[in-house]
Each structure stands twice: as C-alpha cells, then as structure tokens.
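Reader: I am new to this structure. Could you take me through the terms used for it, one by one?

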Amino acid sequence: MARKAMIKAISEAAAAEMRNDSKVFVMGEDVRSLGGGLSAFLGLHREFGDERVIDMPIAESGFSHFANGAAIAGYRPVIDLMFSDFATVAMDAIVNYSPKLRFNTNGKVSVPVTFVSGNGGGFRVGANHSQSVEAWFANVPGLKIVAPATPADAKGLLRASIQDNDPVLFLWYEGDLELKGEVPDEDYIIPLNNAGTVVREGTDVTLLAIQHERFKAEKAAKILEKEGISVEIIDPRVLVPLDKELIFNSVRKTNRLVIVHEAPTRGGFGGEITALVQESCFSDLKAPIKRVGSLNMPVPAGIAEDFVYPTVEKIVDAVKSTL
Amino acid sequence: MSYSKEQLVNMYDRLVKGRAFSEKMEEAVYAGLVMGSLHLPHGQEAIQVGIMSALTDKDYISGTHRFQIGLAERIGLQPLVNEILGRTTGVNKSVAFDFHCSDMDKKVLQCMGTLGSTYPTYTGFAWALKQDKKDSVVVIVQGDGACGEGVVYEAWNLAALFKVPVVYVIENNKWAEGSPITTHHTVENVSIKASSMLPTQVVDGNDVVAVRDAMEEAIKKARNFEPNVVELHTYRWKGHFCGDPQEYYMDMKKIEELKKTDCPLNRFETQLLEKGIITEEYCNNIKEDAKNELDEVFEKAKKDPFPTADDIINYDWIYASPNTGGEL
C-alpha cells in the first residue's frame, strides 16, 4: 500500500489499461501538456506519446462523438471531459449514440467508451464547474455510471470501466483531486457489478453517501457515536448498475435510511434509491427515508459553496430525525 | 470522366429503381403499412445513386434520414423494406427503422436522429481506420438543414486537424424540415462555411454523372487523407416527412414545374435516349421490372411477423458485459 493522490490513481489506472491493450487511448483538451484540465492523466504523454494521448480542440461535443466513432472501429477511447458540467455539451454523444447503438444493432456493435470527468464541487468556482450530473444521466438506458470517492476505488473502478464493453460515465470528485488515500500496490480491478461497499458497520441507521459525501458521513457518524447512535455507512461506488442487495440488506438490519449526495435533492439519485428501498423493504422501515442533498439553487462561487452543499450538521440532524 | 455504356446503363437502372422505391414507399405510407414517419427521397435520387456508384467495396457510408435508396443498395432491398414495415426480418429486427438502421458487415453506419452528429462520429471512425492503416474512405451525408448544427463545424475542424479519410456530403435540397433554406442560412452554397477548413466542391445534384464524377474525385482525395466537402444541389419534392402539410408551406406549382424541367431521372433518360444508348422500350421494360420487384418485396414483407415483446425486451442487446441486475 502507498498513499497516492486521486489524480495519481486515475492516471495509473489509465496507464495500466494502456499497457494491457494497445487499443486504449486517452483524448481530451490539454491531455499532452497538463494531463487534461484537471491533470487526471498527467504524465501519460511521456510514456505513450502523441499517438495515444491525443489533444483535442475545445469541442467537447465534437470530440465525444469522435470517440464513439473510434470505439466502433475497435478502439477504447478514454475521454477526459474535465468538469462534468462540460458533459452537458457532449450530452448528444453520451446519451444518443453510445448507449443506443448496441440496441439498434441487436447486440452486434458495442461502444466501449469511458467518459471521465471531475464531478461536484470543491473548486469553489461557481455554477458551471461545480455540479453533480449523475442523476441527469442515470435515466439513460445503456449507460453505466461510476462514482468513486477514494483514490483506491477510483483506480480499480476506472480500470474496470475501461475494460467494460459498454459506455461508462466515470465521475470522480473534482474537489478531491489532491486527496490522498491508501492504494494497493498489486494489480487489481474493482468490478462494476456489486460494487457497493460498507464503509462502516452500524446497527441503528443506514447512511448511504455518494462520492465526497462519504467523508462527511464518516464525520457525522463519529459525532453520532458519541451520542450512542450506531451508523452504518454505505458507499455505492457505482450507480448503474447499482448494488441494490447491499443497500437492502443494510436497511433490513438498521430499519432506517438516510441518503446523502451533493446534487440537489430534487430529482437527485437519492430519489431513485428511496423508491427502490421502499419497494423492496417497506415493511422493514421504521421511519421515512430522509434525503440530504444540495439546496435547489445554482452553486455559488467561493466560500458560499458551503451554504448550498450538504454539511456534517445537516447529515447529523437527518440521522436523528429518523430515530 | 467518361463512362462505358454498361456503366451509364447501370446508373440509369439504379435511378429507375430508386424512383420506383420512392414511389412505393409513399404508397406504403398511405396504405397504412408504415409506423412512424418516413422521409421520402423523391427528386433526390441522383445523389444517392451517384454516391453509391462512386463508392468501392472497402468504403463506408452513412446516409441521411432520406437515404433509403443508397441503404437498399448496400443492405439489400428486402431486409430494408422489412425494417421499414416493422417486421422481425428487418435488417435490425424492426428496432432501428430506416434512419437508425445499419449493417457493419456491409459497411453501412447508422444515421442519427440528432442531425449533424454523424459528421463528428464517423470522423472518429475514419481516424481509427487511418490508425489501422485500412485503405477505406468514409462518406457521410447530411443535409443543408443539418449544417445549422454546431457539431458540423466541430467535425470539419477535427477532420482538418487529423487529416481523416472522409468525404462530407451536403445534400442541399433547399428545405430543412418545414422551412426553406433562407430560414437556416444566409448563403446559397452551404459548403462555403466549410471552405476555411476543407476543400469544397459544389455540384448539380440532379445530374447523376456529375455527382459520380465529383464523388470519385472526392473519394480519391480522401483516400490520400485529404478530407473534403461535396455540396450537391437538388430540390425536395415532398414534405419533410410523408403526410406533413406540405401544400401549406411549399410552392406546389414550383415543384410541378421542377418535375418537368429538373427531374434527375428524366434528365438522364433523355440524355441516354438522345445518344442512342437506351431505347424507349428498354426504359419502359426496366420501369415495369422495378415496379414488379418492389411489389413482390413489399408483399413478401407484409407476410413477415411483427415483433413480440419477447423478441424486443432483450437486455443482452443493451449491455455487452455480463450483469447481475437484468435491466440494471
């Protein structure tokens, strides 16, 4: 094990897959010089050169479509979309082509693309660089959505995403690009199926936290522990396909569920999990499921970001309200 | 370029078949045989025949939503008609309809419902062919209307940067959905907008020989990694889709006039008759044969089954990798 930053883990994952498979390449804005706008692929150009680390003009839509075309010709593009807000510019390629071609060809032609971008806030740069986009894309059949919180998970899951034959939207938490965590030394991948993990075991309330909210959840759990409340924390890590059984089993044990994500509560992925849990575990629930998300407002720049996003205090209050 | 008598007659036969197919599709819509909306190619047949006759077997094609004649030549008339009529025997088992249908084995790439996006998509595809040292060219056809989309310009820029083997065809039929080209562009030749990035040609799209000539040259250039644009001028005789209130927004007198003066089939037929390459008897026979063949193909398609829910609800068609959740 070694402590590594998030962006180091991501670039190591891409490098490992590029060594494994000559058809894997990285493309995006500034990938040669900066390793992409957030430096998630820093250093790859030195090893793999111009042929496999390909700079693109500022044209997220055009080059995401380009990636789809390269993918059906046998390549495995890894597309750096920088901030996930920019995935909206590329939405036609991500939504209308890659998840649909396999169906339209009756299973014959897959589109193995991995769209990678920093998701959520932490940069404090305002409304168009701070959004959490996962729920916008979760409504698209055919697209997989990966949302890790730690460097180790990002590495293992990115490798699985690149190996996957289906299109994957890989969202890492942009505010944690320098976050360091223990990353195993050995060669490993984390399969996308059944990827949920129990971060902390507990008996009173299940706290499901997506991406960076996992760290806030851990702080909340420590506070609550002092008050005699035992919290079980689940990080789903992959939203599509969602590890439903892991969530259901936890709720069947604790009988209570609080969901935290940085996307606004309204229309957020928490609503989907809420529906799934009440459909399968209604009789196990002893309290209404609570959701903690951002306020329904654009994300402001600067210090004011904290007023909008979920906080440890809000999570603590939500957990208590279920008891 | 000069063509042999056989080549000229071959192009004529294909034009006749194309026109007969246009008419048969329209007939099928009004007979209630087609679900969804069909975009008819009447009056634009020379473009499809000219492009397809210039393509070689190693080249790829992606058409517009009005490219049924070209699709039929590659995919086969029966599997395409079966698809249009929504039968399980269709080229994509009825799920793709005509404008989403494709057949990778026959080098037919899917058209997209969102206009313009095939340009950048297959620019990437062509980049991959170049990387793999395949000697193939990709021809992508979009309309003048689609050239209002921003991705079209992104694609041309990417093509110029990466020197991909692509020919971008602009089928300028003067109409974009329900409005004339003047609503969409301030220039007559849309390709002028590409000319800062790529070489362009503007050609009479109702002259099948001129189309083929232009395409042969364009494909040759593309094969040498010189991507380029060919704008083919024509005129849409029908509404945006079959059944739309065409009479309300189009000048039907003008269309009737164009049918007399600028019909791609009649123009070529007259030329060949004047040169003594074909006879009127030949023309009549080939038209009769084309009609009979289409009648047979449509009758056969009508006997094939519609899909059942079990045929279609197949998650293996959606996700390639094994999954545990069925529908995920």
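Predicted model: local features only at pLDDT ≥ 70, side-chain atom pairs only at ≥ 80, totals over all residues.

Reader: Let us start with chain A. Where is Thr254(A) located?

Author: Thr254(A) belongs to helix α9 of chain A, which covers residues 244-254.

Reader: Why is Thr254(A) called buried?

Author: Buried means under 20% relative accessible area. Thr254(A) has 2% relative accessibility, so Thr254(A) counts as buried.

Reader: Which residues is Thr254(A) in contact with, leaving aside its neighbours within four places in sequence?

Author: Contact means heavy atoms within 4.5 Å. The partners of Thr254(A) are Gly202(A), Thr203(A), Asp204(A), Val205(A), Thr206(A) and Glu232(A).

Reader: How many bridges join β10(A) to β11(A)?

Author: There are 4, and these two strands run parallel. Leu208(A) has Ile234(A) in β11(A) as its bridge partner.

Reader: What makes β10(A) mostly covered?

Author: Of its 5 residues, 5 are buried. Both faces of β10(A) are covered. On one side are Val205(A), Leu207(A) and Ala209(A); on the other are Thr206(A) and Leu208(A).

Reader: Chain A has another sheet. What is the order of its 7 strands?

Author: The order is β3-β2-β4-β5-β7-β6-β12 in chain A. This sheet is open too, with mixed pairing.

Reader: Which are its edge strands?

Author: They are β3 (53-55) and β12 (238-240) of chain A, and each pairs on one side only. Neighbouring strands here are turned by 20° against each other on average, direction ignored.

Reader: How do you know that β5 and β7 of chain A pair?

Author: The cut-off is at least two bridges. β5 (residues 114-119) and β7 (residues 168-173) of chain A have 6 bridges, in the parallel sense. In one of them, Ser117(A) has Leu171(A) as its partner in β7(A).

Reader: Which strands does helix α3 of chain A touch?

Author: Helix α3 (residues 60-72) packs on the sheet and touches β2, β4 (76-83) and β5 of chain A. Its direction makes about 165° with that of β4(A). Helix α2 (residues 44-52) of chain A lies across β2 (24-28) and β3, running at about 65° to β3(A).

Reader: Why is α7(A) described as largely enclosed by the rest of the structure?

Author: 12 of the 13 residues of α7(A) are buried, so the helix is largely enclosed. Among them are Pro151(A), Leu157(A), Arg159(A) and Ile162(A).

Reader: How far does α7(A) reach from its first C-alpha to its last?

Author: Helix α7 (residues 151-163) reaches 18 Å, close to the 18 Å expected at 1.5 Å a residue.

Reader: Now chain B. What makes Gly18(B) buried?

Author: Gly18(B) has 1% relative accessibility, so Gly18(B) counts as buried. Gly18(B) is found in helix α1 (residues 5-30) of chain B. Not counting residues up to four places away in sequence, Gly18(B) touches Glu45(B) and Ile69(B).

Reader: Why is helix α2 of chain B called largely enclosed?

Author: 10 of the 10 residues of α2 (residues 45-54) are buried, so this helix is largely enclosed by the rest of the structure. The buried residues include Glu45(B), Gln48(B) and Met52(B).

Reader: What volume does the second largest pocket have?

Author: Its volume is about 280 Å³. The second largest pocket is lined by 16 residues. Nearest its centre lie Arg19(B), Ala20(B), Glu23(B), Lys287(B) and Lys291(B).

Reader: Which element gives the largest share of that lining?

Author: α1(B) does, with 6 residues. The elements that give two or more residues are α1, α11 (264-274) and α12 (280-303) of chain B.

Methods:
Residues numbered from 1 in each chain as written. Chains lettered and ligands numbered in written order. Heavy atoms only, no water. Buried < 20%, exposed > 50% of the residue type's maximum accessible area, 1.4 Å probe, protein only. Axes fitted to C-alpha atoms, helices over the stretch in contact; angles between N-to-C directions. Expected span 1.5 Å × (residues − 1). 1 Å grid on protein atoms, 1.4 Å probe; cavity = no way out; pocket = protein on both sides within 12 Å on 5 of 7 lines; lining within 4 Å. Points joined across faces, edges and corners; volume = space filled by probe spheres on them.
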